[in-house]
Each structure stands twice: as C-alpha cells, then as structure tokens.
Amino acid sequence: MVGQVGRITAVAFIMAFGILRVAGFAAWGQAPGGSSLPMWGFQIQHVYPHDPRAFTQGLQYLDGVMYEGTGQVGQSSIRKVELATGNVLKKRDVPAPHFGEGITVWKSSIIELTWQTNVAFVYDKTTFEPLRTFKYAGEGWGLTQDGSNLLMSDGSDELRVLDPVTFAERRRIAVTAGGAPLRNLNELEFVKGEILANVWQTEYIARINPTSGKVVGYIDLHGLLTPAERASTDVLNGIAYDAKGDRLFVTGKWWPKLFEIKLVKKN
C-alpha cells in the first residue's frame, strides 16, 4: 500500500508541476503569423496509421522503421514501429516515476530523456536492453543528434550540445526569433544542417540555425488533423526525417495519424 501511495503521489506531483509550463509564444509577445520570418506550409504526401494511445515525445526514422518514445508516468515506453501499418514491432516500458521524453538513435544505442527525474537511459538498439544511465540537471524535453553531438532541449530558449558517449555538456545554443528568446523548444530533429524544433503548445515548428541559434523560419502545421480528430488529441509533437528518401514525417501526442509532408513556401 505504501508503494502504491508513493506512486500516486509521484504522478500527482509531476502532473501538477507540469501545469506550470507556459504555453506557446504568447508569454514573450511572439506571434509567428505576424512575423517577418519566412513561413512554410505543407502538402501531405502520405498518411500512415499511428497509435492513438502513444503520447509521442520522440521520433526518429532509421532503416525503414520508426523509433518512438512515449510519455506519461506509468505509460512511457520506447518502441520500434512499422511505418506502413503503425504496428509496434518491439516495445520496452519505462517504469514509474519516470516520464519518458525525447529519444535519439546513436550508433547501436537508443538514448532516452526523462522529464523531471534527471536521468537519461541508454538502451541497446536491437534488443532494447538497458546499457547505462546518465544524470543531468533540469528537465529533459527533446533529443536529436547531428552526427557528432547530441542536441537536447529542456523547455527553455537554450539547446544543450552534449557528448554522445559521456553526456558531458559541450556548449549551449541560445535560440532567438527576431532578436527575442524562443522558449518551449520541444521535440527536435536535425535536417539538412538545420535543427527543427516543435514549439510546445503550438502548431509550429521552428527552423533553427545551429551555429547562430537564430530561427530562420517557421513551419505552420495547422490543419493536419480535422477538428473532430484534434478534439481527442494533445499537441503536435514528433518530427522524423528519412535522409535517404528525403521524406519528412510529423505527428503528435495521442494522434491517430502520422503524416509525410512536403514543405511549401508561404511568404
């Protein structure tokens, strides 16, 4: 009974603390729709099934399959998913009190962040067996890699650049849009020399120059789901890129669909 009460308390604390997150651009007076920064829309190229019970936190396409990390205490997992069908080919649950966050594949390993328990898990990519853990200060949100470094978001306007072997912090990238800090950077993907970042609680993805930290444009993804579909889902979150096929994929938390999209310049 004591263990059960402890788990319930941990869940309540994490969910209550999560309410303190401030959503979107509004807190800093930033509105992408009125921005002079370039804006891209999308054309849907293909629609794939996606598990509507998956609270998507991290997404990566590699070798013909999706690797996905999901969140919520007691429901977090890492998964290997068949793109065409959405079938889960392999799954490992993440135990409470951990709230799974962003993932990335680094060589033969999968690295997963957690939201507020300050630990990153490293798994074998093939077997999903745990290999080791890393500790870090603050929250974990999104994770990707650029071939040399891990790139991590923590909900602030800074991205951490980490050593992929030791998890030591090498430097930080201060992200700005029109000269103002852009906070709430969430799920990340490194695409063609840019960092793509979901901006939490919005339908926008920021395109970030990794050298300067400047936002060079936004991707507006309003309208991917119908209003009826959107009513039973949470926010847009999940970016994956097929480098060989030059395909960009996006989805969201509890979304029933995963979209392959082509970017179209709007202004």
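**Note on the predicted model: cavity, sheets and cores**

1. The largest cavity holds about 90 Å³ of space. This is a predicted model, and one cavity of 30 Å³ or more turns up in the structure. The lining of the largest cavity counts 14 residues. Closest to the cavity centre are Pro49, His50, Glu68, Val81 and Gly86.

2. Next, the elements behind that lining. β1 (39-49), β3 (65-70) and β4 (77-82) are the elements that each give two or more residues to the lining of the largest cavity. The largest share comes from β4, with three residues.

3. Now the sheets. One is open and has four strands, ordered β6-β7-β8-β9, with antiparallel pairing. Its edges are β6 (100-106) and β9 (130-135). Each edge strand has a single partner, so one side of each has no neighbour in the sheet. Neighbouring strands of this sheet are turned by 20° against each other on average, direction ignored.

4. Within that sheet, look at the pairing of β6 and β7. Five bridges join β6 to β7 (residues 109-114), and the two strands run antiparallel. Gly100 stands opposite Thr114 in β7.

5. β12 (residues 158-162) and β13 run antiparallel and are joined by five bridges. Leu162 sits opposite Glu169 in β13.

6. Which residues touch the most other members of the largest nonpolar core? They are Leu159, Val175, Leu182, Ile208, Val215 and Tyr218, out of 19 residues in this core.

7. Val175 deserves a look of its own. Neighbours within four places in sequence aside, Val175 is in contact with Asp157, Leu159, Ala180, Pro181, Leu182, Leu185, Ile208, Gly213 and Val215. Leu159, Leu182, Ile208 and Val215 from this list are also named among the residues that touch the most other core members.

8. Another core, of 16 residues, lies apart from the largest one. Its members include Ile219, Leu221, Tyr241 and Leu248.

Definitions and conventions. Residues are numbered from 1 along each chain as its sequence is written. This is a predicted model: local features need pLDDT of at least 70, side-chain atom pairs count only at pLDDT 80 or more; totals for chains, interfaces and linings use all residues. Side-chain values use heavy atoms; hydrogens and water are left out. Two strands pair if DSSP finds at least two bridges between them. A nonpolar core is a set of buried Ala, Val, Leu, Ile, Met, Phe, Trp, Tyr and Cys residues joined through side-chain atoms within 4.5 Å. Buried means under 20% relative accessible area, exposed over 50%, partly exposed in between (1.4 Å probe, protein chains only). Contact means heavy atoms within 4.5 Å. On a 1 Å grid over the protein atoms alone, a cavity is a set of points where a 1.4 Å probe fits but cannot get out, and a pocket is an open set with protein on both sides within 12 Å along at least five of seven lines; lining residues have an atom within 4 Å of a point. Grid points are joined across faces, edges and corners, and a volume is the space filled by probe spheres set on the points. Axes are lines fitted to C-alpha atoms, for helices over the stretch in contact, and angles run from 0 to 180 degrees between N-to-C directions.
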